[in-house]
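Here's a quick tour of a protein model, one topic at a time. Keep the picture open while you read.

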Amino acid sequence: MSVQQQLPVDQRILTRLKDAVIFVDQDGTIIKGNRAAFSVLGLDEEKGSLYQCLNFSLLKANNESHLLMELKNQNNRPVEVQSVRMDTDVFCLIINEFPIADKTEEVKKYINQLTTNNDEGIVMYDGGVIIDCDTAFARMFGYTEEELTDMELRQLIHHLDNTNDQLDNRHELTGVRKDGSLFYVEWTGHPYNHMGDIIGVAIVKNITDRIENEKQIEYMAYYDELTDLPNRNYFNNVLQEAVVHAASKKEMFSVYFIDLNYFKEINDTLGYDFGDELLKACGERFKSFLNTSTFIARMGGDEFIILHRHVRNRHDAVTFAKRLIAAFAKPIKVGDCEQFTSISIGISIYPDHGSTSSELIKHADSAMYVIKERDGSNYKLFDASISEKFSAMLTMENDLRTALKEGQFELYYQPQKNLYSNKIVGIEALLRWNHPVKGFIPPNEFISHAERTGLIIEIGDWVLKEACRQNKAWQDKGFPPVIVSVNLSAKQFHQRELVEKVEGILQETGLEPDYLELEITESMAMTNEPYILETLERLRRLGVKVSIDDFGTGYSSFKYLSMFPVSKLKIDKMFMNENQKQNQAIVKSIIHMSHSLNMKVIAEGVETYEQLQFLTAEKCDEMQGFFLSKPLPANAVIQLLGD
């Protein structure tokens, strides 16, 4: 059979095709083609070699190819070429002209980045020089397409080398508009091999809004918005670095845990707005002690903490405390009022009072609480006698062990409602201790003791198992299935066998993983990041949901949230305080950023209809709080589930 006979298209049909079609053999010799093909390729209508205009080697390497190529005989004009091997010796090529302004969508499909966003544009480049671009790219930078042709990319984007090795990757960079204004862009470049040369096509996306929102959340994670001081998380990081440095240099430093005396009474008497202004004024007074040797933060509430480096001895540490007290001997001006405020200071010294950041903070805190019982401003260095409450702690530990043994713990459940469907979609399991003598003891009075003694592991295991058992029991009775949320303590979450333990409890109780959600705090997510990420990934593979509890209290960076497989953020109830107007702005930011990361948001501590209206308007997903229901015993939850 001759080559002519092998061709599937009759010459008369081939001539009438509008598409540019040409047949070549495996050496690139032209067998047959239509007028449209010879016109596009710029060849005479006679047999010749395809290599005159295209690098055929790139096409014949595969049975089917679809490439953006350049015509060597037409100043490297781009064309789109589809090649199909008809048999061993024959290839069929379909060629389309390719002006970029008319073929934007083809480029995007070709690089698997289809987009309809007006904030995204396309640019073609070679060696860092713009070959062509679309209207969206030109508009983004404030130029016309003609002005951008042959311009170097580094004129448009900061810190971008004019090398394809760097261009052909994904980067977050700073763009420069024609008027000199700056904005943030995401550069996604893709290399293409044409005629042995590398050219590139990139999608450039304006991400200014996202970056600015992330910076705002980053600020919230590391700074206290009220006083503009670093927060507890930031202080912990700095203190850990100080421990490492002091250990290597054999140096001393001191930590001052400071509490404003009678602040609660001031709040109750003069109002929360006045209390906020007082905290701001105190923050400004503490800032007067800032220098290269000090680091000052607000721990939360009316508590502040200071790191003082390069302390030579205890006398230096005490002298600094006296300076702080002297500064607060003067009245603080709040509006038109002058308020006298005293402070209590607990002091710990590295390495005398601890070798870790947590020990130093804890011992300074303990010393502060001892001295706080006295009137006026005072300070105290930590010493062993401060552990005077140790016997009470031992009693508490024994009582906790008895409670576990005798079944004194109970679970109460607080429902969670979806604000779109208005249905109960979840319940949070809350631990209660029904002491035979003292009655109900709230968790804040015994959880810290359970953490300290390690009993929190046993208690937490009981809570998890009981919550799963009860949820499955409700489902077995025919009630609509809901998700039960269980809080995990730091020690529980850091168990190496946590995932196996959760899987075992689910198998034992028969509850499907979809109906269990584990809540962790922000501070947990910030520690031991690789292990945390691994644990979260394993829980997700198991099918269990994970949420961040008390978000917004300043313990984590938003960048970690984008890394962790978290399904939901729970906005801390402190932000539901109607007396602090700035809380609404924080809540809005959290909701917006969470949705941008495909995470749901639930607000806790909702107590009024006005709060519910605000959350609904801001498209918060779920809520819980006394406005819906207080925590209920298991037998009282049935009515809500039925409704």
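Asn261 sits in the loop that links β11 (253–260) to α11 (263–270); helices (H or I, at least four residues) and strands (E, at least two) are DSSP runs, numbered from the N terminus. This is a predicted model, where local features need pLDDT of at least 70 and side-chain atom pairs count only at pLDDT 80 or more, while totals for chains, interfaces and linings use all residues. Residues are numbered from 1 along each chain as its sequence is written, and side-chain values use heavy atoms, leaving out hydrogens and water.

**Around Asn261**
- Asn261 is buried, at 5% relative accessible area (buried means under 20%, exposed over 50%, partly exposed in between, with a 1.4 Å probe and protein chains only).
- Leaving aside residues up to four places away in sequence, Asn261 touches Ser342, Ile343, Ser344, Lys372, Gly376 and Ser377 (contact means heavy atoms within 4.5 Å).

**Helix α12**
- With 16 residues (272–287), α12 reaches 22 Å from its first C-alpha to its last, close to the expected 22 Å (that is 1.5 Å times one less than its number of residues).
- Its buried residues include Phe274, Leu278, Arg285 and Phe286.

**Where α10 meets α14**
- Phe235, Asn236, Leu239, Gln240 and Val243 in α10 meet Ser357, Leu360 and Ile361 in α14.

**A record entry**
- An unreviewed UniProt entry annotates residues 128–158 as "domain: PAS"; such annotations may be inferred rather than shown by experiment.
- In the model, that 128–158 stretch is 35% helix and 16% strand, and its end C-alpha atoms are 13 Å apart.
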